[in-house]
Amino acid sequence: MNPRAVTGGPVRAGRLVVLVGAWGLSAAPLWLPDSAAASLGDASRCALAWIPWIALVGLPAGGRAARDWPLALGLALPVVALAAGVDRAAGQPIASLLATTLGGAWAVAWLGEARCAAARGGARFFAPLWLLLIGGLPALAAALAWGEGGGGGGAGSGLAETCARLSPLATGWRSVRPGTGFAESGLGWSVLLAPSSLACLLLWMATAIAAGRERAEA
Amino acid sequence: MIASVWMLLLALGPQQPVGTVELRLVGPLDGAAVEAGSAPTELRLELARGEIRQFAAPVLLPDAPLPLPVAARLSGAPAEAQVVPGSGRHPGLWSELSPTLVGRGLPPLVEGTEPARPGALHGAWILAALVVVMAMRRRPWVAGGLGFVAAVALLSRPPERVPGPTVEVLEGEGAAGPWLRVRGARGRLELEDAAAGWLRLLPGSAPAQLALEEGGSGGRWAVEAPGARIYYYEALPASRAGSGELARSWIRAEDGAWSARGPWAAGSPLPAAIEGGEPPPAWLIAGLPPGEEVLLGLLAGPGERWLRSVGGAGGESPLRR
């Protein structure tokens with residue numbers, strides 16, 4: 001089948017490939033071979049299912065792709081629900097799973113909405129802020145932790161901890177270990193006040209304000 | 001050594017009696033709970049209108065001795081549910097059990113290594129959701145809504161729980177003496193039936209509950225205590241101690257000398273001692289009374305089932321008949 005005929009062009013076909021690829025990455029931990037699945041131990045499949053979507057949904061883009069975060073969320077939710085069921089079957093507490101599910105959905109929604117706002121204007125603000133939040137802070141946290149040599153306790157480890165808490169991607173990654181990351185905030189709903197959740201909200205606000213100003217100037 | 005002393009100390013910790021009551025339920029029913037003591041027993045059952053089910057349900061009792069029969073009441077909104085009068089059973093007093101039988105080391109329990117897996121139906125469902133959501137890609141909000149509906153449907157049929165490996169120890173005092181069956185697992189222990197017994201959780205403060213789930217004939221009972229080590233003690237008549245082949249066996253003579261005997265088929269004479277044979281696990285010899293013959297063994301067959309009999313080791317164990 002010619003993808004142009006279905007999607008209207010190679011760009012849209014590429015977008016579909018990216019979405020289906022993220023879906024595949026998200027679902028893959030649920031269908032690993034026995035030996036590989038055992039090596040994951042009690043890692044939260046729910047958190048693993050969110051990671052590709054958190055990384056992807058804010059990726060700066062224009063046109064229709066910028067507005068399709070509900071589509072990404074629609075693709076993510078069934079896999080996340082199944083992963084949460086697997087985690088529950090493995091004995092993980094419901095509060096922890098609720099926090100991870102809500103934290104991931106919140107991050108995807110606001111990162112996606114921020115990208116949508118950026119597409120309307122204010123993209124100059126959005127791209128570097130998104131890069132900082134998704135790529136920069138986790139990299140900085142990893143570098144600081146590596147610099148500490150795993151010993152912890154120094155000034156670097158405190159800063160690394162702060163960076164990791166601010167980034168939704170790093171928080172999602174930390175959530176792979178049950179009871180940490182999104183689940184650190186305690187009860188399920190309070191995850192919406194977690195640093196990474198607030199950072200996503202602030203990113204959207206900054207982008208939306210910038211977009212509004214640009215439109216007013218234009 | 002330290003591990004065996006630790007397991008012995010654990011064996012001396014507190015335990016909680018589990019009694020039983022006979023329940024009669026008439027549908028429609030969508031879940032209920034039996035309250036008799038320290039924690040409710042959850043009945044995760046769905047009964048159609050007019051469907052009747054009667055069964056014995058285990059109930060977690062307070063530590064203090066209770067008058068018989070066990071009092072219980074049902075909560076929830078069943079169409080008709082009652083505890084059959086006079087059906088309560090108490091396991092008796094822990095202190096009445098032989099101290100040499102209950103003071104032995106407990107088996108260490110490992111975390112389950114078998115991860116829970118989604119079934120083929122789950123796979124088909126999320127693939128269908130992928131196709132439907134992608135088909136609606138030009139309407140992202142509709143696609144998102146459909147994904148949400150698919151997620152809710154998946155949550156209503158989650159993957160089956162995978163119980164951790166269960167370790168069983170048959171504790172006895174010779175052919176004629178009392179026997180106990182001790183079963184242990186981490187996080188969730190499936191009970192073979194609703195027999196009265198004693199529950200021990202490590203740590204003792206771990207919240208636990210008994211639950212009945214659909215599955216098998218008449219449902220499946222389980223003790224659930226996420227993250228905790230669960231041990232369930234059940235008095236066993238010597239006639240029910242079973243018979244079978246030992247995959248590995250050890251004998252302790254009255255003078256305290258251990259000897260490995262290897263496999264021991266039922267009905268066959270005591271095998272000769274194996275020179276330089278592997279010693280028994282430390283937890284299995286912890287807490288055994290001195291000066292008596294002891295037979296230890298790993299039962300052949302699926303699962304991890306151990307035998308520990310004090311007295312009458314030389315062919316007098318019920319397993320050796």
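1. At 1.5 Å a residue, helix 10 (residues 195-217) of chain A, with its 23 residues, should span 33 Å, and the end C-alpha atoms of this helix are 33 Å apart, which agrees. The expected span is taken as 1.5 Å times one less than the number of residues in the helix, and helices (H or I, at least four residues) and strands (E, at least two) are DSSP runs numbered from the N terminus.

2. The model is a predicted one, in which local features need pLDDT of at least 70 and side-chain atom pairs count only at pLDDT 80 or more, while totals for chains, interfaces and linings use all residues. Residues are numbered from 1 along each chain as its sequence is written, chains are lettered from A and ligands numbered from 1 in the order in which they are written, and side-chain values use heavy atoms, with hydrogens and water left out.

3. Chain A as a whole comes to 10 helices and zero strands, so that, by the DSSP runs defined above, its elements from the N terminus on read α-α-α-α-α-α-α-α-α-α. Of the 218 residues in chain A, 49% are buried, where buried means under 20% relative accessible area, exposed means over 50%, and partly exposed lies in between (1.4 Å probe, protein chains only). Within helix 10 of chain A, the buried residues are Ser196(A), Ser197(A), Ala199(A), Cys200(A), Leu203(A), Thr207(A), Ala210(A) and Ala211(A).

4. In helix 2 (residues 10-27) of chain A one finds Val18(A), which counts as partly exposed at 43% relative accessibility. Val18(A) and Leu56(A) are separated by 38 residues in sequence, and their C-alpha atoms are 8.6 Å apart in space.

5. On the cysteines, Cys46(A) counts as buried at 0% relative accessibility, and Cys200(A), also at 0% relative accessibility, counts as buried. A disulfide is taken here as a pair of cysteine sulfur atoms within 2.5 Å, and by this rule the count over all chains comes to zero.

6. In chain A, the side chains of Arg165(A) and Glu161(A) meet in one of them (3.0 Å, N to O). Both residues lie in helix 8 (residues 155-166) of chain A, four residues apart, about one turn of the helix. Arg165(A) is partly exposed at 33% relative accessibility, and Glu161(A) is partly exposed with a relative accessible area of 32%.

7. In chain B, the side chains of Arg44(B) and Glu224(B) meet in a salt bridge (2.9 Å, N to O). This pair links distant parts of the chain, with Arg44(B) in strand 3 of chain B and Glu224(B) in strand 11 (residues 220-236) of chain B, 180 residues apart. The two partners fall into separate accessibility classes, since Arg44(B) counts as partly exposed at 28% relative accessibility, whereas Glu224(B) is buried with a relative accessible area of 8%.

8. Glu213(B) forms a salt bridge with Arg188(B), the closest N and O atoms being 3.4 Å apart. Here too the pair links distant parts of the chain, Glu213(B) lying in strand 10 (residues 209-213) of chain B and Arg188(B) in strand 8 (residues 179-191) of chain B, 25 residues apart. Both Glu213(B) and Arg188(B) are buried. A network of salt bridges links Glu42(B), Arg44(B), Arg188(B), Glu190(B), Glu213(B), Arg220(B) and Glu224(B).

9. Strand 8 of chain B also holds Leu191(B), which counts as buried at 7% relative accessibility. Leu191(B) and Leu212(B) are 21 residues apart in sequence, with 9.8 Å between their C-alpha atoms.

10. The largest pocket has a volume of about 1200 Å³, and of the 35 residues that line this pocket, the closest to its centre are Arg88(A), Leu155(B), Ser156(B), Arg157(B) and Pro158(B). On a 1 Å grid over the protein atoms alone, a pocket is an open set of points where a 1.4 Å probe fits, with protein on both sides within 12 Å along at least five of seven lines, and lining residues have an atom within 4 Å of a point. Grid points are joined across faces, edges and corners, and the volume is the space filled by probe spheres set on the points.

11. Helix 5 (69-89) and helix 6 (94-119) of chain A, together with strand 2 (29-35), strand 3 (41-47) and helix 4 (140-156) of chain B, each supply at least two residues of the lining of the largest pocket. The largest share, eight residues, comes from helix 5 of chain A. The lining divides into 19 nonpolar, six polar and 10 charged residues, with Ala, Val, Leu, Ile, Met, Phe, Trp, Tyr, Cys and Pro counted as nonpolar, Asp, Glu, Lys and Arg as charged, and the others, Gly among them, as polar.

Technical notes: A salt bridge is a side-chain nitrogen of Lys or Arg within 4 Å of a carboxyl oxygen of Asp or Glu.
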